[in-house]
Amino acid sequence: MSSLDSAPSAPKPTASVKLVLLGEAAVGKSSLVLRFVSNDFQENKEPTIGAAFLTQKCTLPNRTIKFEIWDTAGQERFASLAPMYYRNAQTALVVYDLTKPTSLIKARHWVNELHAQASPKIVIALVGNKLDLCNEGGENDEEEDRRKISTEEGRKFAEEEGLLFFETSAKTGANVRDVFLAIASKIPEEVVNKRGGVAGVKGRTGAGEGRVDLESRSGENNAGGCAC
Amino acid sequence: MTSLVLSTSTHTLTFHASSCADPGGTIDTPFYILEPKATAANVSPTGSPVLPAATDLTVHDSISIDEDMDSDRMTLKLQDHDIGSIPKSDVTYLAEFVLAWRSALAALEEQVQVNQISSFEDPLSSDYVTTRLIQERDSFIEEKTVQIRLITWNLHGEVIGEDLRPLLFGSSVLSDSGELQDLGIFFVALQEADPLTPTTLSANQVTIARWANQVLECLGESYILSASSELLGMVLLMFTHKKLASQITQLEISSAGTGVLGYWGNKGAVCIRFMLGESDLAGIAGVEIAVANMHLSSGIAPQAVERRRWEMSELDKRLKLPVFNGKLFRKQRNGGKNRKELLYQNGDLLDELDERVLDASSEDDMVAAATDAVEVKKFKENGMAKEYEIPAILIVDGSDKAATISTTTSTTATTAATINTDHVGPEKDINSIVFILGDLNYRLAMDRSDISQLVAKKDYDALLFWDQLRNEMKEESVLIGFQEGPISFQPTYKYDIGTSVFDTSEKARVPAFTDRILYTTYPSLAQLDYETFMHYISSDHKPVAATFELRTMLVDADKRAQIVKRLLHDLDARENESRPKVEVEKTDLLCPDMTVLSTVHQTAKLKNCGNTQVAWEIEIIDGSLIQVGTPEGVLPPGATQTVRVSFKVPPNVTHISEIFILRIINRQDYFISITGNVLPSCFGASLADMIRKPSGARHGFLAPQTGPQLNIPREIWKCVDFLSTRITREIFRRPGDETVGELVRNWLDNGDDFDSIVLDSLAKDGNKGTHSVAEQFIQLLELVNGGVIPEKVYDIITQGNDGVQLIFEAMPRVNVNTLIYIASFLREVKRVVIDFDLILEIFDKVLVRIPKTGKNKSRQKKKRMEFLKGFIG
């Protein structure tokens, strides 16, 4: 028998997913977020000193996912603060710069740390950014190919570690949306944090979703619960 | 800094008024913290008095000022409560104070509004999208024509190998160019889909699947099977175009058997009902549609008609049809007798029929049982005495549409598309359509030869005059409110299989319009055709089909998805734009040349550049040195906030690198780093290092070979030298002053001499100079790296009575010298201080390094004290 078509006109379930961006300084984490959220690009962006919070919804055929994005500072001196941001994340974007070999080494480090410290169910995407600086096969004679990390190298690493893999350009927008859509569709239903209760004042004045849970840093984990 | 607390019915407002005599010398904007009542503390952090049960506050409750002529301060009042006082001299500060207070009150009022808005701005708990969708519904709701094709066929248990396309598409389904339309629903109703035997207990899924696949093959990839409902030989399949599938909701199927013993499924009905086009989100109600495939008991006898009435009454009860404009049967008949009673009156016959049906091996035999010859004869004698006179009024030409023609016997087959709505007017509040199709088994109550003549003349109206169903409907016994399109085809039963010839068997069954399609009226429903197909010869029935068009409001799913996507995007933009906009003046705080043990104060400036108030807080990372005065607050639009942190520089570090998080709630975490070098210091250095830096810790090491080495560190000598001339009874028993202490530490580390004039000038202020030096001296000894009396001699001191000599031999020379020097100083102290044991305890603590493994602490302490006492003499 053919399958009976369920009624898809019913309201789609909406779920919020905490996403954290990690990677060496100046690989383009904030630019990827800006491209995804505002479809915009800024040259010579200031380095992120801290962690910026933004939200963006993504519509899939059967559900809507609200990304709660934490764009973290890439500078080495802030590395010790990263666990606060990835600890309760359901998904992480580990970004490197296709033109900078050290950034892939740093990406490997982040992937290892996520495997060791983050939720075991975390969905990780490896993203090689600055595809616009790669002039493959000299297509454009005037620009040199600044690529230092081959697609194969990135893909091989992603396959070994079970990561989603993309090469993007935040500048041109190439593949940026695909990364987030792929992540959204990879989020298992049960990991998704269905929001309950009424929005309003939590704790202090108007505080709520943007807060980072510091309590769970010191030992007792809230038994798999999500604090965002 | 003073703090004021105001309590309202919903919130607590803590107001921090910074004093104008700030250590930094600047005047800061006073700030406040607004907390919901549930979490608010009863007392302000600094312990300032809580305003007793302040009444509800509004923005109109502004501050008034009381000037006391005798005082240099003025008192601020709110609703006659004193809320604080400020110096009269500082008018600027007063202005700032009042301004900040007002903005606090405004924020208090705004807070309530913000909370209401926040639920609106959260799409996950609000109906923003829903509301907007309804506003924009006209752009995605369109009136569409849905085509509904219904087919009924009693298969006589035969496998159909014939091409189904002509049957499915008929005369009206395909467009002029031969295309299948987008918005179509097909219903295929089968009876006797499988050979029926008394051992058959359920519908044959293989047959059903074969039919579903056969039909889908004809309809193409754009159609799906939406539902199927089955009961033994009765099968009802629903096929829907994919574009329409999302418009079908609340699909339900039901079935009811009315056959043998009144319940068996050899007769009865199967039903599919659903909502078409219903959308709560778009605010359209949709149409409820029910399709029932019926297979009723056979037979021409009045008892068979009665039985079918009873079956209708059962189906009315058991089939769960929606509320519709009409009824399956009329309840009270025959002088108020219940139909069931009537049934039991004829119970003998029915029981006999049921028995024979159970024994029967084929439907043919069942039909034979029901149409017992005797009964038929009796029926003809009683009921058909008037013979077959056809009323003149019905003898009309095909082209003549006489207005007098009654709706139920409507004729003139050629204009089939007209709808009769005059019979039962639609009731406005009923929004449903019921289709009934199937082998209803009503017969033509006339002789076969007469039927043949009329069929030959194609005078179907004449035939229909004797149609039991038409007559039952005319009498309003069954299917009240139902319509049927004009019949322009010959009886569909019973044919010799493989031919289009009426039954030539011995039984010579009387032909009849057993296979019918009826419907309840609906304003925008029109029937396009009603037809049979004589070339299908696999069964003893011909299939019957009808096409309807229904105009209804439908949601264009693609368009709506686009709008939803846009709305969600708008919402994201709004959400992200409504996030606080702030500027942090500096995130890298540089502190050059910090000195050990001093307290470093740092500030970060936060400006609210947005137009909503900003909630901020400071998060201190575990293990950080940083202390924060006020960890959180609220900043009104345009205002600036100075965030203060402090930390005490620990000994033995050369560099400080600390990070704390300044969190703008819902927007951004700023990592504020504090870095800087720490100047070298004697505090925390070993005695050996001290003597190698005779000019003070900050002046670097003396090369080992140059110059004579000191016997004792100059820092210790300086302290003792200063203190030995200023011994009082209170020496080492009073706290020093922090600022003077820092001065003393700087002298020591810079190699400067103590400035006795400065220190002694503080003598009248509780001897602060001396006590500060004494305090730093103790601290210096306490922090000596390795201790003055090192760990390695501890056992000798506490265990044996081996004497001082052995202990000295085990200690570095500088330690011995230092100890002897301190002992001689303590001898002086002992002369002045009455309770010397207390002093001794202090020095025991700072001089002796105790191994961690030490046991029997009180005995050891006694031994240590004995040693020190003996040594001091």
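Two strands count as paired if DSSP finds at least two bridges between them. Strands (E, at least two residues) and helices (H or I, at least four residues) are DSSP runs, numbered from the N terminus. The model shown is predicted: local features need pLDDT of at least 70, side-chain atom pairs count only at pLDDT 80 or more, and totals for chains, interfaces and linings use all residues. Residues are numbered from 1 along each chain as its sequence is written, while chains are lettered from A and ligands numbered from 1 in the order in which they are written.

**View 1. Strands S11 and S12 of chain B pair up.** S11(B) and S12(B) (residues 268–276) run antiparallel, joined over eight bridges. Look for Gly257(B), which sits opposite Gly268(B) in S12(B).

**View 2. Six strands of chain B form an open sheet.** With mixed pairing, the order is S11-S12-S13-S15-S18-S17. S11 (248–257) and S17 (482–484) of chain B each have a single partner strand, so one side of each lacks a neighbour in the sheet.

**View 3. Two helices of chain A cross.** H1(A) (residues 29–38) and H5(A) (residues 176–186) pack at about 85 degrees, with axes 9 Å apart. Axes are lines fitted to C-alpha atoms, for helices over the stretch in contact, and angles run from 0 to 180 degrees between N-to-C directions. H1(A) is therefore roughly perpendicular to H5(A) (65 to 115 degrees). Leu32(A), Arg35(A) and Phe36(A) of H1(A) meet Val176(A), Arg177(A) and Phe180(A) of H5(A); contact means C-beta atoms, placed from the backbone, within 7 Å.

Terms used. Parallel < 35°, antiparallel > 145°, perpendicular 65-115°, else oblique. Contact = placed C-beta atoms within 7 Å.
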